[in-house]
Amino acid sequence: MMKTLDQEDTLERLKASYRYLKSVDVRGISILDDQKRAEAVQLIEEIGLKISEMRVKVE
């Protein structure tokens, strides 16, 4: 079965997201002010939830 364009696009988006997340300087979060650090933590939690949701859908 050949992959559709949408499947290829989805795979490329996942690869790009992974590369981007790898490039984030997480250590830099610790030096942010309290409000920005709290926002960063919330975003990290939301990313984690999204990844868990994606994993459930593909397994």
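What follows is a short chat about a predicted model of a protein.

Q: What are the ground rules for the model?
A: In this predicted model, local features need pLDDT of at least 70, side-chain atom pairs count only at pLDDT 80 or more, and totals for chains, interfaces and linings use all residues. Residues are numbered from 1 along each chain as its sequence is written, and side-chain values use heavy atoms, with hydrogens and water left out.

Q: How many helices and strands does the protein have?
A: Two helices and zero strands, taken as DSSP runs numbered from the N terminus (helices H or I, at least four residues; strands E, at least two).

Q: How far does α2 reach, end to end?
A: Helix α2, residues 34-58, goes 36 Å from its first C-alpha to its last, close to the expected 36 Å (1.5 Å times one less than its number of residues).

Q: What sits at the start of α2?
A: A side-chain oxygen of Asp-33 comes within 3.1 Å of the backbone nitrogen of Gln-35.

Q: Switching to α1: is Thr-10 exposed, partly exposed or buried?
A: Thr-10, in helix α1 (residues 5-23), counts as partly exposed because its relative accessibility is 45% (buried is under 20%, exposed over 50%, partly exposed in between; 1.4 Å probe, protein chains only).

Q: What share of the protein is buried?
A: 3% of the 59 residues.

Q: What are the overall dimensions of the C-alpha trace?
A: About 50 × 20 × 15 Å along the principal axes.

Methods: Polar contact = N/O pair within 3.5 Å; in protein donor to acceptor, adjacent residues only side chain to side chain.
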